[in-house]
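These are my notes from looking through a structure that was new to me. I wrote down each thing I looked up and what I found.

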Amino acid sequence: MSYTKALRCRECGREYSLEPIHVCEFCFGPLEVVYDYAAMAGGVTRENIILGPYSMWRYRDLLPVGEGEVVDINAGFTPLIPANNLGRTLGLKNLYLKNDCVNPSYSFKDRVVSVAATKAREFGFKTLACASTGNLACAVAAHGAKAGLETYVFIPADLEQGKIVGAAIYGPTLVAVEGSYDEVNRLCSELADRYPWAFVNINIRPYYAEGSKTLGYEVAEQLGWRAPDWAIVPVASGSMFTKIYKGFKELEHIGLLNNGVDTHMVVAQARGCSPIVNAFEQETLNIRPVKPHTIAKSLAIGNPADGYYALKTIRESHGAAVAVMDPEVVEGMKLLAETEGIFAETAGGVAIAALKHLVAADAIGAEDVTVVYVTGSGLKTQEAVADALGPRLVIKPTVHSFEEAVKEAGKVVP
Ligand SMILES: *Cc1c(COP(=O)(O)O)cnc(C)c1O
Ligand SMILES: [Zn+2]
């Protein structure tokens with residue numbers, strides 16, 4: 001059952017029919033999907049969600065897709081892990097990690113692309129495309145392959161090898177652009193005007209963005225139908241951040257939560273690309289674009305499309321915005337791996353480092369239910385940490401050589 005009604009301009013409120021368009025013709029504001037929440041409240045129950053598939057598609061009735069088959073490689077319904085060890089280290093009793101590393105192409109981008117690819121097929125497009133900071137390229141290439149669509153992915157040429165190979169394996173046309181993500185994105189906007197292609201994060205962005213709401217729904221369901229007290233989110237364009245909050249609010253609105261949404265939403269960015277944090281610190285809603293310089297390449301968007309709305313979400317939720325230095329990102333990745341056994345990419349390191357800042361500032365109470373979104377896998381960004389890890393013991397294949405090496409490393413064989 002689809003409860004979608006229309007697209008609506010977020011600025012002037014004008015409504016449009018559900019077409020592959022993304023900006024208002026009158027004021028150039030971004031368009032957003034609107035739903036019939038009264039009907040949704042009557043039709044969607046916890047019981048039918050629980051009986052649904054173990055993927056993001058258990059929330060199908062809350063997403064903007066029609067009745068046909070969805071493009072599904074089993075994105076979502078990832079684990080929410082009680083982080084007892086990390087929590088003990090930081091003095092937090094109710095810390096959780098939303099582990100989105102374990103998605104099919106190893107990042108949360110599978111959620112948004114599963115919706116976008118489904119819409120692309122519904123609209124009759126033959127080609128799926130994107131401008132990407134890396135993970136989106138992997139997700140678009142994977143879903144394009146599954147859907148049998150022609151696929152073009154555009155990336156900055158200086159991306160990590162893991163992301164290039166992680167996209168190329170699915171057989172897309174991979175275009176490495178000598179420029180920053182913001183330049184790739186501008187090029188793709190021009191191409192989107194020229195070719196009848198479904199650019200997931202340009203002309204079908206209103207639908208694409210809705211996929212991130214499932215990161216809100218799942219966490220609430222996994223917490224026993226409650227919204228958390230804190231949600232710490234690594235942010236690039238700001239889209240996922242705003243949609244997680246929208247997800248919590250929608251569940252409340254249709255009567256599926258046990259508590260009211262009182263979640264402090266926290267934007268986490270790397271200081272080398274922190275246009276949203278900068279604006280928050282300067283107490284303005286106007287984003288000043290920056291030129292990114294950080295190891296957190298998945299977050300390296302200097303001119304974030306949803307930055308303004310992310311700032312509004314911080315205000316509305318009494319949240320916060322935290323920027324961290326690159327060495328803290330590496331420390332965050334190591335801390336997460338060493339305490340909880342999760343190898344996250346740089347974006348995860350950013351979120352963990354931001355969590356440490358909030359704990360140091362006494363912002364988070366020891367009992368507060370706190371969720372850190374770990375949005376992508378570390379195997380794609382190995383170069384970020386490779387030089388910061390402990391030495392390897394290199395030995396001859398003899399017991400003697402082993403024991404010598406252990407002694408030299410200053411370890412005691414148990
Ligand atoms: C894209 C990405 C983000 C940020 O998503 P936005 O919606 O652009 O803010 C965060 N983490 C990872 C791993 C990503 O790939
Ligand atoms: Zn408008």
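I began with Glu-218, which at 0% relative accessibility counts as buried (buried means under 20% relative accessible area, exposed over 50%, and partly exposed in between, with a 1.4 Å probe and protein chains only). Before going further I noted that this is a predicted model, in which local features need pLDDT of at least 70, side-chain atom pairs count only at pLDDT 80 or more, and totals for chains, interfaces and linings use all residues. I also noted that residues are numbered from 1 along each chain as its sequence is written, that chains are lettered from A and ligands numbered from 1 in the order in which they are written, and that side-chain values use heavy atoms, with hydrogens and water left out.

**Helix H9**

I found Glu-218 in helix H9 (helices, H or I with at least four residues, and strands, E with at least two, are DSSP runs numbered from the N terminus). I then looked up how enclosed H9 is, and nine of its ten residues are buried, so the helix is largely enclosed by the rest of the structure. The buried residues include Lys-213, Tyr-217 and Glu-221.

**Salt bridges**

How many salt bridges does the structure hold? I noted 21 of them (a salt bridge is a side-chain nitrogen of Lys or Arg within 4 Å of a carboxyl oxygen of Asp or Glu). Side chains of opposite charge can pair when their charged atoms come close.

I looked up Glu-32 and found that it pairs with Lys-246, the closest N and O atoms being 3.4 Å apart. Glu-32 lies in strand S3 (residues 31–35) and Lys-246 in helix H10 (residues 239–253), so this pair ties together parts that are 214 residues apart in sequence. Both Glu-32 and Lys-246 are buried. The two also belong to a network of salt bridges that links Arg-10, Glu-32, Glu-210, Lys-213, Lys-243, Lys-246 and Glu-250.

Which residue of H9 pairs with Arg-58? I found that Arg-58 forms a salt bridge with Glu-221, with the closest N and O atoms 2.7 Å apart. Arg-58 lies in the loop between helix H2 (46–50) and strand S4 (80–82) and Glu-221 in helix H9 (residues 213–222), so the pair ties together parts that are 163 residues apart in sequence. Arg-58 is buried with a relative accessible area of 6%, and Glu-221 is buried with 12%.

I then turned to Lys-163 and Glu-345, whose side chains meet in a salt bridge at 3.2 Å, N to O. Lys-163 lies in helix H6 (residues 161–168) and Glu-345 in the loop between helix H13 (326–340) and helix H14 (346–360), so this pair ties together parts that are 182 residues apart in sequence. Lys-163 counts as buried at 1% relative accessibility, and Glu-345 counts as buried at 1%.

**The zinc ion**

I looked up the protein donors of the zinc ion (ligand 2) and found Cys-9 (SG), Cys-12 (SG), Cys-24 (SG) and Cys-27 (SG), lying 2.2 to 2.3 Å from it (donors are N, O and S atoms within 2.8 Å of the metal, or 3.2 Å for Na, K and Ca, and water is not among the atoms, so sites may look incomplete). The four donor atoms subtend angles of 96 to 119°, which makes the arrangement tetrahedral (four donors count as tetrahedral if all angles lie between 85 and 135 degrees). Along the chain the donors follow the spacing C-x2-C-x11-C-x2-C. Cys-24 counts as buried at 1% relative accessibility, whereas Cys-27 is partly exposed, with a relative accessible area of 33%.

**Positive phi values**

Most residues other than glycine have a negative phi. I noted that Phe-28 has a positive phi of about 65° although it is not a glycine. Phe-28 is found in the loop between strand S2 (15–16) and S3, and it is exposed, with a relative accessible area of 65%. Glu-283 also has a positive phi, near 55°, and it lies in the loop between helix H11 (275–281) and H12. At 68% relative accessibility, Glu-283 counts as exposed.

Technical notes. Four donors count as tetrahedral if all angles lie between 85 and 135 degrees; four count as square planar and six as octahedral if opposite donors are over 155 degrees apart and all others between 65 and 115; anything else is irregular.
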